[in-house]
Amino acid sequence: MIKLTNVNKIYGKGDSQVHALKDVNLELPEGKFIAVIGKSGSGKSTLMNIIGALDSPTSGEINSNGAELTTLKENELAKYRNEKIGYIFQSFYLEPTFTVLENVAMPLTIAGVKRDEREKKAKEIIEKLKLTDKTDKKASELSGGQKQRVSIARALVSNPEIILADEPTGNLDSQNGAEVISLLQSICNDGKTVVLVTHNIDDAKKTDLMVEIKDGVIASITENSLEVKMKAQKASDYDSDGNYIGSKVKTNEAESAVVENVTENVVTENAVVENVTENVVTENAEVENVATDNAAVGAVVENVTETKEEIVEANVPAKTKKAEASVAKSKTKTVKAKKV
């Protein structure tokens, strides 16, 4: 549990003084997903920085799982930050010239963990967050969503008790933002305390507890019911015990969509093949018709030819007989002429 008692934080002096936190008393239960909401300048990021020992209060006490932070020395605070807290920021804060593996392993490098061991742990987290194919890519080559997943992997590599996420979806589109929130919920389900600082009320309603802060004062603390969570998410994203299973549902929906799309494509391809087959059959039928027509024309031509030949054969004998009779008659006249 994280407990803040009469915490104040004042920046500046005199007329420029800003009272960022005012007598904050707050208990954040262990193993819960907690949202801190409020407008810009309300003090929510200051609250997160004090919980994470990135800043110290002007007055008051902070107890984190038995450790009284306000009494720790600087080197002890550094050890606390490195071992107990995992940080996720809106701007990622990755080293652009380092690979994904080097960025994720950085907290272990700072802690003095040997290279083989830190790379082994880093690769395990990278695989868990489905970034294996990006292991050797430089951070500068990644998309915004990928960079935020790398920063989440870096926050998890030391196996901290608390994850602090300051506007982690601020630089992401809605789809990547939803994936980050889903991932934070999964981390919480693994037993870690997750504190999400956000101005997005819809994201806040997906958490277990909402802490609203106004002008440095805790305005309200609301425990989100299962009904509220289900309205913020699809009802199917939760099982009967209220555990978030949205990522599995979305994966199944995506796989079903792919199968359906493939089926539709196969049906379309079959229809195309069937249509082509029908066209071929039609074309074959047309060819057969043409062949039939040609055969008919040939038969007519053959018939006409035969008829002509019959006519010729019928006429030739008659003309020949007349010619022969004429020649015979002529010969008879010639014979008679010689006798005289």
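1. Buried here means under 20% relative accessible area. The model is predicted. With that cut-off, helix H2 has these buried residues: Leu77, Tyr80, Arg81 and Asn82. Note that Arg81 and Asn82 are on that list.

2. What do the buried residues of H2 pack against? Two helices are named: H1 (44-51) and H3. Three strands are named as well: S4 (59-64), S6 (85-89) and S7 (162-166).

3. Now helix H3, which spans residues 100-110. Its buried residues are Val100, Leu101, Asn103, Val104, Ala105, Pro107 and Leu108. Their cover includes helix H2 (74-84), helix H4 (115-128) and helix H5 (144-156).

4. Gly112 follows H3. The phi of Gly112 is positive, near 85°.

5. Next, the strands. S3 (residues 33-37) pairs with S9 (residues 209-214). The sense is parallel, over 4 bridges. Val36 stands opposite Val211 in S9.

6. S9 also pairs with S10 (residues 217-223). Here the sense is antiparallel, over 6 bridges. Met210 stands opposite Thr222 in S10. In a regular strand, side chains alternate between the two faces of the sheet.

7. How many residues lie between S9 and S10 in their hairpin? There are 2. Asp215 sits in the turn and has a positive phi of about 50°.

8. To check in the viewer: S9 pairs in the parallel sense with S3 and in the antiparallel sense with S10.

Conventions
Residues are numbered from 1 along each chain as its sequence is written. This is a predicted model: local features need pLDDT of at least 70, side-chain atom pairs count only at pLDDT 80 or more; totals for chains, interfaces and linings use all residues. Side-chain values use heavy atoms; hydrogens and water are left out. Buried means under 20% relative accessible area, exposed over 50%, partly exposed in between (1.4 Å probe, protein chains only). Contact means heavy atoms within 4.5 Å. Two strands pair if DSSP finds at least two bridges between them.
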